[in-house]
Amino acid sequence: MSSGNRSEAVDVRKSYEVRTYGCQMNVHDSERLSGLLEDAGYVRAPEGSDGDADVVVFNTCAVRENADNKLYGNLGRLAPMKTKRPGMQIAVGGCLAQKDRDTIVQRAPWVDVVFGTHNIGKLPVLLERARVQEEAQIEIAESLEAFPSTLPTRRESAYAAWVSISVGCNNTCTFCIVPALRGKEKDRRTGDILAEIEALVAEGVSEITLLGQNVNAYGSDIGDREAFSKLLRACGRIEGLERVRFTSPHPRDFTDDVIAAMAETPNVMPQLHMPMQSGSDTILKAMRRSYRQERFLGIIEKVRAAMPDAAISTDIIVGFPGETEEDFEQTMHAVREARFANAFTFQYSKRPGTPAADMEGQIPKEVVQERYMRLSVLQEEISWSENKKQVGRTLDVMVAEGEGRKDGATHRLSGRAPDNRLVHFTKPDQDVRPGDVVTVEISYAAPHHLLAEGVPVGVRRTRSGDAWEKRNATAAAKPAGVMLGLPGIGAPAPLPAASAPGCGCD
């Protein structure tokens, strides 16, 4: 067997499937896992294979209460398939793997590999070791071994990409288990970030999302409080980069220089996801959130003053331990004042290992559910009202792939406006590809999308559209079956920084 990343070809076809749960950081990690597996000689299983692959990888999340049940339920469904298919392998990684470690193999002994959030680059060698030794391999690193962006990648999109600028989190929110699983914050060098973005743009990417657990705390390693705003401005100087987004910031670290950079850098989009979590000062204190309602709403006011058309979204937890009706009304008040374009609302979920799990005043489920429904109704009304303000506006929509589930039946296409609102629009007469930009006039608004029913005002074919077309043409030209070698022993070599191509709990 070769000692390199890929052994000499043998008569075997090995396919893989990666199932992702949780935040954008996990989505980004899954692109790396796919890249690692393809670099090691695997081929991606067809869509809808539903476990019918030689290797099935679960990239797990530990933030929600039902994460455990979802994982073990899916593992249980794969057990009989694995019995019928000798040689099939199952791997579990991500936050739940980091947390549960040995428990996974105890509860699901048919699992072959368990790896953590800090050592995703070891997946191919762990799979090979499990195959050779015929026993489960459990390897959980306690600190980051390699920054994810130095690993091979298989990006899901030809026109948009995640770019990780930091990993880990230094906050101590009482409801969140992520810092214990992702570790302390670690920042990438600015030069490495910009080199990756430039390489992506050269490949045809026109939209990037800067990713981190607490993205605007970037620079804390070197004591530069303005490092993030400087990074945004540097992105503005990259030719060919049309759209820059970022997620998720923390209100504590959201400073005026970031607002100025957003407003003054043309390719930074007028969109902001700012997790509020609660509108009650009492609950925010119990959550160890280092801001209060007045500070949060003050940030929103400053953002809107600098960018009147900005779409602002948030995260809210309902039913945190000790939450009274008065506390909940303060959250409702804050939502009315902030007028979020949309909100990701969650019923409080007790997570073992977090301080909140042992707090007094756990709220009965029926009370949490009732409050959750009231908040959902209010936010739905606000989202619809804010979307109606878009009617009559002319917007540049970047055509997306897979956003409109009914596009085939309605003969429409879908994409994202600069503020990230979802827009469904009439198909132009000329061909357009994902990544191209179509100018449309909004004619109707629903709570969660906009509609442009008239003939598009204009179409701009882009380098991103060319990249999407080239990728699909290459994929179509490949034979259905590909002879592949077995993965070699050893972690794949990292790609050079110049050519190598973050949780909602903040």
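I am working from a predicted model, in which local features need pLDDT of at least 70, side-chain atom pairs count only at pLDDT 80 or more, and totals for chains, interfaces and linings use all residues. Residues are numbered from 1 along each chain as its sequence is written, and side-chain values use heavy atoms, with hydrogens and water left out.

I searched the whole structure for salt bridges (a side-chain nitrogen of Lys or Arg within 4 Å of a carboxyl oxygen of Asp or Glu), and the search returned 30.

I looked up Glu403 and found its side chain in a salt bridge with that of Arg416, at 2.9 Å from N to O. Glu403 lies in the loop between β15 (394-399) and α14 (407-410) and Arg416 in strand β16 (residues 412-416), so the pair ties together parts that are 13 residues apart in sequence; helices (H or I, at least four residues) and strands (E, at least two) are DSSP runs, numbered from the N terminus. Glu403 is partly exposed at 28%, and Arg416 is partly exposed at 23%.

I then turned to Arg188, which pairs with Glu196, their closest N and O atoms being 2.6 Å apart. Arg188 is buried at 9% relative accessibility, and Glu196 is buried at 1%.

Lastly, I noted a network of salt bridges that links Glu323, Glu325, Glu329, Glu370, Arg371 and Arg374.

Note on methods
Buried means under 20% relative accessible area, exposed over 50%, partly exposed in between (1.4 Å probe, protein chains only).
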